[in-house]
Amino acid sequence: VSTQSTWGQFVCCCPCLRLCCDIQDPKYDDLDSSVSLSTKLKGKEVNVTRVAASGKGTVLADAKLLQDRAYYEIKVSKPGSFCVGMLPRPKNAEQLNSQLSAQKGSWAWQSDSSIKADTIIGCSFNQDGKPEAKWFVNGKEVKSHCEKLHGVELYPAISVDKGAILTTNFGNLPWAFPPPSGFTGVMPCHDLL
């Protein structure tokens, strides 16, 4: 990330330097406080950056779905086998080595051979009343899932295999397709104590 200042052009690569550099690029505003993929809650063979995953296994976002209506998007950077959905935090980290659709308590949509590079998978989660999840491929609804899950904290989750590379947008960038009415990006969790 580069910026102009009275000292000329320079590069800020450290989050703490970004704060004092006063970067005005909206793409990077609040990057440190935005939701991203977890570097801890992932399978052993999953390669993760803040926004992308590849390899084999499942990775969770670093924030729970606590708001009533949440939406996020996944861009298929490279096709392969993958799932998009939600999962309670596993009691056993080994669980994250398998695909999301095979995990107990998961709500997942699984890709098929029709999914190509640059496809956008949207996922909405409504827990205002009876919990419901919906999936969208390039803005068109493809699957819904309802279940009685009261008192279960879910995390956005994706799994990858067979060369898939997925890029996430939890709401810190403009949407490729508008979310359903009343839905917003995943909000970061903050301890109140």
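Leaving aside neighbours within four places in sequence, which residues is His145 in contact with? Select His145 and look around it. The model is predicted, so treat each stop as a feature of that prediction.

**Stop 1: His145**

His145 sits in strand β11, residues 140–146. Show its contacts beyond four places in sequence: Trp107, Pro131, Glu132, Ala133 and Trp135. Now pick the C-alpha atoms of His145 and Trp107. They are 7.2 Å apart, although 38 residues separate the two along the chain.

**Stop 2: Ser36**

Move to Ser36. Find it in the loop between α1 (15–21) and β3. Ser36 has a relative accessible area of 5%, so it is buried. Which residues does Ser36 touch, once neighbours within four places in sequence are set aside? Select Arg50, Ala61, Asp62 and Phe170.

**Stop 3: the salt bridges**

Side chains of opposite charge can pair when their charged atoms come close. How many salt bridges are there in this model? The count comes to four.

*Glu94 and Lys44.* Select both side chains. Glu94 is partly exposed at 43% relative accessibility. Lys44 is exposed, with a relative accessible area of 65%.

*Lys64 and Glu153.* Next, select Lys64 and Glu153. Where do the two partners lie? Lys64 is in the loop between β5 (52–61) and β6 (69–78), while Glu153 is in the loop between β11 and β12. Here the pair links distant parts of the chain, 89 residues apart. Lys64 is partly exposed, at 25% relative accessible area. Glu153 is partly exposed too, at 41%.

*Arg69 and Asp128.* Now select Arg69 and Asp128. Arg69 lies in strand β6, and Asp128 lies in the loop between β9 and β10 (132–137), so the pair ties together parts that are 59 residues apart in sequence. Arg69 counts as partly exposed at 31% relative accessibility. Asp128 is partly exposed as well, with a relative accessible area of 44%.

**Stop 4**

Switch to backbone torsions. Most residues other than glycine have a negative phi. Where does Asp118 sit? Select Asp118 in the loop between β8 (107–110) and β9 (120–126). Its phi is positive, about 75°, although Asp118 is not a glycine.

Then go to Lys162. What is its phi? The value is near 50°, which is positive in a residue other than glycine. Lys162 lies in the loop between β12 (154–161) and β13 (165–169). Lys162 counts as exposed, because its relative accessibility is 66% and exposed means over 50%.

Definitions and conventions
Residues numbered from 1 in each chain as written. Predicted model: local features only at pLDDT ≥ 70, side-chain atom pairs only at ≥ 80, totals over all residues. Heavy atoms only, no water. Helix = DSSP H or I, 4+ residues; strand = E, 2+ residues; numbered from the N terminus. Buried < 20%, exposed > 50% of the residue type's maximum accessible area, 1.4 Å probe, protein only. Contact = heavy atoms within 4.5 Å. Salt bridge = Lys/Arg side-chain N within 4 Å of Asp/Glu carboxyl O.
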